[in-house]
Protein chains: 4
Amino acid sequence: MNTEHTYTLALSCPDRVGIVAAVSGFLADRQGWILESNHHADQDTGRFFMRNVIKASSLEGGIESFVTAFGQIASSYEMNWRLSDSRQKKRVVLLVSKQDHCLVDLMYRWRSGDLGCDIACVISNHDDLRKYVEWHDVPYFHVPVTPDNKVEAYAEIDRLFGEHRGDVMVLARYMQILSPQLCDKYPGRIINIHHSFLPSFIGARPYHQAFDRGVKLIGATSHYVTSELDAGPIIEQDVVRIDHGDTAEDLVRYGRDVEKNVLSRALKYHLEDRVLLNGKRTVVFR
Amino acid sequence: MNTEHTYTLALSCPDRVGIVAAVSGFLADRQGWILESNHHADQDTGRFFMRNVIKASSLEGGIESFVTAFGQIASSYEMNWRLSDSRQKKRVVLLVSKQDHCLVDLMYRWRSGDLGCDIACVISNHDDLRKYVEWHDVPYFHVPVTPDNKVEAYAEIDRLFGEHRGDVMVLARYMQILSPQLCDKYPGRIINIHHSFLPSFIGARPYHQAFDRGVKLIGATSHYVTSELDAGPIIEQDVVRIDHGDTAEDLVRYGRDVEKNVLSRALKYHLEDRVLLNGKRTVVFR
Amino acid sequence: MNTEHTYTLALSCPDRVGIVAAVSGFLADRQGWILESNHHADQDTGRFFMRNVIKASSLEGGIESFVTAFGQIASSYEMNWRLSDSRQKKRVVLLVSKQDHCLVDLMYRWRSGDLGCDIACVISNHDDLRKYVEWHDVPYFHVPVTPDNKVEAYAEIDRLFGEHRGDVMVLARYMQILSPQLCDKYPGRIINIHHSFLPSFIGARPYHQAFDRGVKLIGATSHYVTSELDAGPIIEQDVVRIDHGDTAEDLVRYGRDVEKNVLSRALKYHLEDRVLLNGKRTVVFR
Amino acid sequence: MNTEHTYTLALSCPDRVGIVAAVSGFLADRQGWILESNHHADQDTGRFFMRNVIKASSLEGGIESFVTAFGQIASSYEMNWRLSDSRQKKRVVLLVSKQDHCLVDLMYRWRSGDLGCDIACVISNHDDLRKYVEWHDVPYFHVPVTPDNKVEAYAEIDRLFGEHRGDVMVLARYMQILSPQLCDKYPGRIINIHHSFLPSFIGARPYHQAFDRGVKLIGATSHYVTSELDAGPIIEQDVVRIDHGDTAEDLVRYGRDVEKNVLSRALKYHLEDRVLLNGKRTVVFR
């Protein structure tokens with residue numbers, strides 16, 4: 001929504017005295033005006049996490065020199081870091097199957113400027129949603145997946161992701177399990193929405209599992225995909241109350257709203273560099 | 001809160017045409033004024049559930065004749081049914097260990113008239129909370145449980161429950177696993193609070209399990225106890241949002257609030273005959 | 001979602017003994033199988049409210065005879081009542097302005113079968129959303145409203161509502177205040193979404209009012225429209241948490257999600273005859 | 001809960017480049033290990049807000065020298081600032097009337113170490129809660145308030161607050177309106193709980209106002225007291241869902257739970273120096 005030109009600097013490193021002073025001193029020396037700043041010192045892992053949003057127009061000296069100079073600080077503090085430019089929108093590749101509620105929601109949020117990204121293309125194992133997607137002038141690729149062609153299919157998806165210069169792959173109810181190779185190739189860059197409150201109801205038909213167990217709330221979970229099914233670092237979760245009057249089909253219906261809300265929030269956090277990996281967990285600077 | 005004298009009729013039976021007509025016709029014939037009425041026809045199990053609250057002063061013919069006559073209807077429809085008199089407060093036996101947050105909350109709600117029950121006695125495997133309980137003029141029994149005396153200890157708990165004419169046993173963070181015999185003896189009459197959003201994190205130290213998994217919400221679950229650990233019919237659940245800044249100890253602290261709220265709601269529903277068993281699930285008429 | 005053919009009988013009347021018996025006896029006599037039933041005896045107004053969903057295939061004797069016969073019961077109990085046939089979808093007329101988030105959400109829920117209604121047409125005081133609406137093969141009417149033409153404009157809206165046999169008019173962020181005449185003509189048939197947690201922040205720019213007041217939650221309210229601005233009977237409300245980091249523009253953005261969720265739920269309750277007027281309040285059988 | 005010895009530095013000042021660098025550089029020079037850090041740059045007021053929790057054992061040079069030296073930075077940046085020592089517990093003076101739910105909740109949280117404060121004394125315009133309070137070895141003062149003695153009564157409350165070295169005064173359902181003089185004397189140091197979702201239902205009997213309006217959620221609001229009734233800066237709010245089956249008395253009952261949760265959270269935020277005033281609004285670093 002904010003159209004101001006900004007840089008977002010996100011980093012993590014082993015915690016010690018002086019990190020904030022070093023980073024903020026560096027920014028102040030270049031007249032960097034900090035619009036937002038978040039810190040987290042993790043007592044469990046001993047790592048420090050930081051995110052700064054800097055007004056681009058305030059920075060003296062140019063961004064290339066910034067990157068070079070900051071690299072030296074980063075190196076001395078053993079930082080993982082990245083710098084995003086608000087003018088270079090991140091490119092999202094959506095993977096869908098037949099269900100369209102998450103797709104429709106993300107396309108609307110993209111179209112209304114809410115997400116601040118580009119939708120590079122949509123890939124599906126079915127052809128059903130082509131018309132809807134192409135009406136938005138977004139390329140649509142039908143990549144069928146069968147028990148026999150999985151290797152080729154995932155290679156094709158990987159190729160399309162590269163060809164369209166994807167930054168993040170979003171499984172918007174894709175319903176297929178990606179190959180471990182693909183998961184491992186893009187750590188922290190593939191986002192899934194699972195239709196349960198993980199770790200409850202891993203695997204297939206979670207709403208029916210939830211109905212059978214008689215739970216009083218159902219949920220959805222958005223997480224980074226790893227090669228272990230439904231076990232990747234969680235970005236966002238939410239729940240909705242149900243009661244004895246609701247059938248398993250009602251749960252599916254309520255669940256759709258939770259799924260799309262959770263996925264769109266998780267994606268937005270990711271796009272704004274608010275999510276940092278902390279082992280099997282995430283830091284989410286909201 | 002309502003001090004009006006009422007009868008609550010709760011029942012379930014195989015679903016068919018005419019049940020409501022039979023029950024409401026019976027009530028109308030005796031001039032029974034219905035203050036509250038809830039129905040549920042379960043499409044999954046084919047059972048029908050009903051709860052009626054009747055103004056006692058409106059009933060003509062006396063309650064004994066009511067019971068006798070209704071027994072015939074109940075029999076012809078194969079009903080499970082019970083009739084509660086608001087003047088006969090249900091008697092609650094609390095089982096606690098060392099943690100007192102649920103105990104303190106339930107004692108306050110009892111004392112302020114919120115729960116509408118009697119606290120018959122408190123039983124604990126430790127002696128720590130005696131002073132607090134006895135200040136309220138409630139009997140306190142210390143029944144230690146060791147690996148070697150479990151049979152005797154659970155027999156003593158059962159004896160105390162009988163001696164104090166307990167209607168419902170509440171495990172208010174009791175931390176011991178009751179014997180299967182005791183669980184089976186009182187189906188739908190023993191209520192537990194588990195400190196996780198079941199079926200996630202069954203067993204010990206659920207908050208630490210939740211912390212390790214990196215979930216973004218934690219919860220608590222109140223359920224009827226069965227001989228299968230943490231698998232009984234769920235009465236009530238709730239969650240609270242956490243974030244990366246919270247340690248496992250913070251989760252324990254937030255969890256206490258969720259636990260006491262969930263347990264007190266579950267108990268209140270039970271005491272007001274709002275909970276009916278439907279196989280492994282519950283119907284909760286709120 | 002349920003494709004079974006049903007009739008929904010909704011009624012209210014002065015409370016007394018025997019209403020349930022009379023209605024359920026009537027249904028049982030005709031072999032009416034009750035799928036859902038809700039009751040409410042209002043202690044404040046002394047009125048009784050009831051909703052029954054009846055399996056059409058179970059009913060003996062035909063629906064015309066049902067209506068005639070039930071009219072006699074209704075009359076003797078002074079009932080307001082209505083009977084809906086699930087095969088006759090209610091016809092919704094949407095009024096919109098330039099903002100499209102509620103429109104897009106309702107159109108999606110309609111298209112996916114979630115709402116179980118027909119969208120008869122869309123009327124707007126602007127022409128902006130024509131392309132989007134017509135892509136769905138729904139008629140779009142541009143009825144400009146200026147300070148000088150209000151009488152004619154509202155007459156035209158009323159005419160279109162009649163011509164398209166509208167059952168309910170939905171102001172999906174319409175931003176114009178309907179004339180008192182129009183409001184009074186369709187009591188309980190015009191639904192608005194107000195972008196605040198009423199009765200807070202009545203009138204214009206509620207999110208900016210909320211920002212200025214420094215509230216920690218913002219909300220939305222769906223209500224029946226009456227001639228008194230933002231004072232009609234409330235059907236549904238919800239809130240979302242905000243914090244000091246959110247600008248007034250962020251509130252507008254979060255608010256959009258709350259608005260569309262609240263409006264879609266309110267409309268669904270209305271379409272399923274779950275909402276009954278109780279003076280200035282509503283009974284909502286969920 | 002954390003027993004580590006810490007200092008909390010909270011400040012606000014006009015926003016400009018270099019504040020974080022100056023503060024964090026100052027801390028790093030003294031080897032100050034930052035456990036928690038929060039920043040907020042307010043676009044609306046142009047002020048910057050910051051809170052740092054520093055490990056006491058890491059600081060070199062002593063706290064007196066720290067204070068003196070930091071005063072110079074503070075002065076050059078025109079900061080409002082305060083430094084809290086975790087070993088000096090803040091002293092809370094509770095004002096209550098006859099209702100005890102907030103009192104009991106706060107006393108429990110204090111006793112269990114959750115709040116990390118001292119309860120200096122309890123003051124009430126009634127004598128009802130003396131026994132309960134004195135059982136906790138907390139002094140109880142009965143200061144009756146009548147239409148005729150308000151000046152003297154509020155002077156006495158002020159005197160007791162001073163005598164018991166109160167840091168913060170908490171109106172835990174006190175039900176009396178403090179004098180403007182008292183409100184103005186302790187800006188940001190008197191916390192009230194109002195039993196509605198402000199700004200709805202200002203003044204008396206808010207639950208009955210809410211019932212009459214037919215809202216679907218009720219709430220509670222904790223705010224700093226100013227001389228304008230129910231208009232002070234809001235610290236925390238929350239809501240709970242109600243429905244048509246709830247009487248005004250039910251609302252009062254549900255409301256008690258919301259009130260105590262909101263008040264205890266607001267007080268905890270205040271005690272941990274997480275709340276900073278921003279004109280008529282607050283910054284709450286959670």
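This is a predicted model: local features need pLDDT of at least 70, side-chain atom pairs count only at pLDDT 80 or more; totals for chains, interfaces and linings use all residues.
1. Start with α1 and α2 of chain C, whose crossing is right-handed. Helix α1(C) covers residues 19–29 and helix α2(C) residues 63–76; their axes come within 11 Å and cross at roughly 160°. With over 145° counting as roughly antiparallel, that is therefore the label for α1(C) and α2(C).

2. What do these two helices put into the contact? From α1(C) come C:Ala22, C:Val23, C:Phe26 and C:Leu27, and they meet C:Phe66, C:Ala69, C:Phe70 and C:Ile73 of α2(C). Sorted by class, the α1(C)–α2(C) contact has 8 nonpolar residues, with no polar and no charged ones.

3. Over in chain D, have a look at helix α3 (residues 101–111) against helix α8 (residues 248–271): the axes come within 9 Å and cross at roughly 45°. That angle makes α3(D) oblique to α8(D). This crossing is right-handed.

4. Who touches whom here? On the α3(D) side the contact is made by D:His101, D:Cys102, D:Asp105, D:Leu106 and D:Arg109, and on the α8(D) side by D:Arg256, D:Glu259, D:Lys260, D:Asn261, D:Leu263, D:Ser264 and D:Leu267. The class count for α3(D) with α8(D) comes to 4 nonpolar, 3 polar and 5 charged residues.

5. Now the sheet in chain B. Seven strands make an open sheet with mixed pairing, in the order β7-β6-β5-β8-β9-β10-β11. The edges are β7(B), residues 140–142, and β11(B), residues 234–241, each of which pairs on one side only. Direction ignored, neighbouring strands in this sheet are turned by 20° against each other on average.

6. At the β7 end of the chain B sheet, strand β6(B) (residues 118–124) runs parallel to β7(B), and 3 bridges join the pair.

7. Another is α8 of chain B (residues 248–271), lying across β5, β8, β9 (190–194), β10 (217–224) and β11 of chain B. Helix α8(B) runs at about 150° to β11(B).

8. On to how the chains relate. Chain A superposes on chain C by a rotation of 180° with 0.0 Å of shift along the axis, at an RMSD of 0.0 Å. That is the relation of a two-fold axis. Which residue of chain A has its C-alpha nearest the axis? A:Asp105 does, at 4.3 Å from it. As 100% of the interface residues of chain A are also interface residues in chain C, the copies meet through the same surface.

Key. Residues are numbered from 1 along each chain as its sequence is written. Chains are lettered from A and ligands numbered from 1 in the order in which they are written. Side-chain values use heavy atoms; hydrogens and water are left out. Axes are lines fitted to C-alpha atoms, for helices over the stretch in contact, and angles run from 0 to 180 degrees between N-to-C directions. Helices (H or I, at least four residues) and strands (E, at least two) are DSSP runs, numbered from the N terminus. Angles under 35 degrees count as roughly parallel, over 145 as roughly antiparallel, 65 to 115 as roughly perpendicular and the rest as oblique. A crossing is left-handed if the near helix is turned anticlockwise from the far one by less than a right angle, and right-handed if clockwise. Contact means heavy atoms within 4.5 Å. Ala, Val, Leu, Ile, Met, Phe, Trp, Tyr, Cys and Pro count as nonpolar, Asp, Glu, Lys and Arg as charged, and the others, Gly among them, as polar. Copies are superposed by least squares on the C-alpha atoms of residues with pLDDT of at least 70 in both. Two strands pair if DSSP finds at least two bridges between them.
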